[in-house]
Amino acid sequence: MKNEFIEHHLNMNRRKFLSRLSLGIGSVALGSLLIPDLFGKSSTNETPFIPGMPHFAPKAKRIIYLFQNGAPSQLESFDYKPKLRDMMGQELPPSIRMGQRLTGMTSGQSSFPLVGSHFDFKQYGEARAWVSDLFPHTAQIVDDICIVRSMFTEAINHDPALTFFQTGAQQGNRASFGSWMSYGLGSENKNLPAFCVLLSRGKGNGQGVYSKLWSNGFLDSIHQGVQFSSGDNPVLYLNNPEGIDMANRRQMLDQLAALNDQSYKDFGDPEISTKIQQYEMAYRMQTAVPELTDLSKESDDIIKLYGPECLVPGTFAANCLLARKLSESGVRFVQLYHQGWDQHGNLPNEMAGQAKDVDRASAALITDLKQRGLLDETLVIWGGEFGRTNFCQGKMTADNYGRDHHPRCFSIWMAGGGVKPGIVYGETDEFGYNIVKDPVHVHDFHATVLHLMGLDHEKLTFKHQGRRYRLTDVAGKVIPGLMA
């Protein structure tokens with residue numbers, strides 16, 4: 001056997017040697033392409049990321065995101081299409097639809113009758129922006145906001161579309177928008193979390209929200225959003241148990257920290273260190289949260305601005321006022337979810353109720369921030385996960401109709417924090433079906449918001465399971481036309 005082995009290698013000619021060598025080099029090349037760091041420095045030698053250190057000078061310091069869960073119709077809010085009224089009941093031209101994808105709820109329809117808005121539009125502000133009569137308060141602040149009419153996404157159903165907007169991916173288990181902000185910029189207030197979540201529910205059909213939308217994903221759990229509730233205890237499990245005072249609590253946390261610190265030394269799991277930070281944050285929040293959530297000390301002028309509902313915990317108005325207080329106190333990212341915008345039928349009645357829930361408080365938030373000198377450093381975003389079709393879903397009557405999901409184009413608005421005010425960005429065709437000017441993809445939106453916060457979306461990364469992840473995945477471009 002030994003002689004055969006020696007003879008085999010002695011008979012290796014030049015052609016065989018070069019052939020086998022080329023296979024080895026090819027494998028090395030392939031490996032370096034698939035895993036760029038395969039032959040580079042180990043992750044332990046990489047330059048550490050420093051929270052609170054933006055890549056360049058930011059235009060905004062914090063974000064308040066007023067997410068309208070369920071997708072409000074752009075055709076009844078900010079994208080005026082009189083042609084749809086002129087062609088009421090006529091078929092959507094095939095040249096406009098171009099065989100584009102439909103949901104399972106309308107794909108079986110034999111007819112796609114165009115339907116114009118039940119509500120009138122008027123022009124406002126220096127930009128002469130068209131705004132629906134459903135949003136009279138927002139109409140009064142159009143010179144402070146930027147209306148984007150050319151948003152689009154690939155997702156056509158609520159769960160993937162909502163998850164896409166909140167995490168940059170349609171599947172779950174990714175870090176949320178607010179978690180990326182917490183990871184990238186840290187907190188401005190050591191007594192409050194960097195990322196807070198507030199929920200409200202309208203009177204219309206509601207798509208649910210769930211904790212994966214404010215999850216930290218693969219980031220340390222200290223970056224997970226902290227949900228506030230409308231009950232007596234705004235943050236669950238924050239108060240001391242019966243029979244435990246602050247001195248006992250402090251002593252217990254010190255002992256627990258010592259045990260966790262020893263466990264960290266033994267096992268090296270970074271989540272152990274994160275748990276210590278979370279316990280300490282909860283302890284500090286015991287003093288900060290009750291003061292923040294007490295809205296009774298707000299002036300009469302502020303109550304009048306937001307409306308009487310702002311004193312009712314759990315309403316959108318109350319959450320807008322609380323969002324201002326949290327942001328003013330240094331919370332980096334405040335996420336509001338207002339449910340009830342899923343109008344597949346009975347749209348004129350349901351959407352009128354939804355708009356009434358949010359219009360006054362949304363405009364009040366902008367006015368409030370502006371008069372406090374905070375709008376320039378606070379980015380406010382308003383919008384849902386996709387748009388609504390220009391044709392009717394189901395039965396259409398003279399004063400009632402519904403609209404299905406439409407990812408091809410929809411509207412949002414942004415204000416403050418370096419956004420160019422008083423403009424309308426992007427344009428859709430006369431049918432409100434396709435974008436004809438300045439499209440803005442969800443990844444572009446994320447890249448632009450990160451840029452306003454002083455973060456390069458291509459550099460804000462986190463290495464997980466051998467791959468570098470980012471909010472914008474492998475796409476996205478900053479939109480200069482949206483920035484002042």
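A residue is taken as buried when its relative accessible area is under 20%, and by this criterion 9 of the 9 residues of helix α7, which spans residues 177–185, are buried in the predicted model. Helix α7 is therefore largely enclosed by the rest of the structure. The buried residues of this helix are Phe177, Gly178, Ser179, Trp180, Met181, Ser182, Tyr183, Gly184 and Leu185, and the helix is followed by glycine 186, whose phi is positive, near 70 degrees.

Helix α6, residues 158–167, was examined in the same terms: 8 of its 10 residues are buried, so that α6 is likewise largely enclosed by the rest of the structure. The buried residues of α6 are His158, Ala161, Leu162, Thr163, Phe164, Phe165, Gln166 and Thr167. Just after α6, glycine 168 adopts a positive phi of about 80 degrees. Of the contacts between residues at least 6 apart in sequence, 78% join residues at least 24 apart.

The packing of two further helices was then considered. The axes of α11 (residues 316–328) and α12 (residues 347–371) come within 9 Å and cross at roughly 15 degrees; because angles under 35 degrees count as roughly parallel, α11 and α12 are described as roughly parallel to each other. The crossing by which α11 passes α12 is right-handed. On the α11 side the contact is formed by Phe316, Ala317, Cys320, Leu321 and Arg324, which meet Asp357, Val358, Ala361, Ser362, Leu365, Asp368 and Leu369 of α12. Sorted by class, the residues in this contact comprise 8 nonpolar, 1 polar and 3 charged.

One of the α12 residues in this contact is aspartate 368, which is buried, with a relative accessible area of 0%. The side chain of aspartate 368 makes a polar contact, at 2.8 Å, with the side chain of tyrosine 306. When neighbours within four places in sequence are left aside, aspartate 368 is in contact with Ile302, Leu305, Tyr306, Leu321 and Arg324, and of these Leu321 and Arg324 are listed among the α11 residues that meet α12.

Threonine 389 lies in the loop between β9 (387–388) and β10 (405–406) and is buried, its relative accessible area being 2%. The side chain of threonine 389 reaches the backbone oxygen of phenylalanine 391 at 3.0 Å, while its contacts beyond four places in sequence are with Leu75, Arg403, Asp404, His405 and His406.

Aspartate 143, found in the loop between α5 (136–139) and β4 (145–152), is partly exposed, with a relative accessible area of 36%. A polar atom of the side chain of aspartate 143 lies 2.9 Å from the backbone nitrogen of glutamate 126. With neighbours within four places in sequence again excluded, aspartate 143 is in contact with Gly125, Glu126, Ala127, Pro421 and Gly422. Aspartate 143 and isoleucine 423 are 280 residues apart in sequence, yet their C-alpha atoms are 7.4 Å apart in space.

Definitions and conventions:
Residues numbered from 1 in each chain as written. Heavy atoms only, no water. Helix = DSSP H or I, 4+ residues; strand = E, 2+ residues; numbered from the N terminus. Buried < 20%, exposed > 50% of the residue type's maximum accessible area, 1.4 Å probe, protein only. Polar contact = N/O pair within 3.5 Å; in protein donor to acceptor, adjacent residues only side chain to side chain. Contact = heavy atoms within 4.5 Å. Axes fitted to C-alpha atoms, helices over the stretch in contact; angles between N-to-C directions. Parallel < 35°, antiparallel > 145°, perpendicular 65-115°, else oblique. Left-handed = near helix turned anticlockwise from the far one by under 90°. Nonpolar A, V, L, I, M, F, W, Y, C, P; charged D, E, K, R; others polar.
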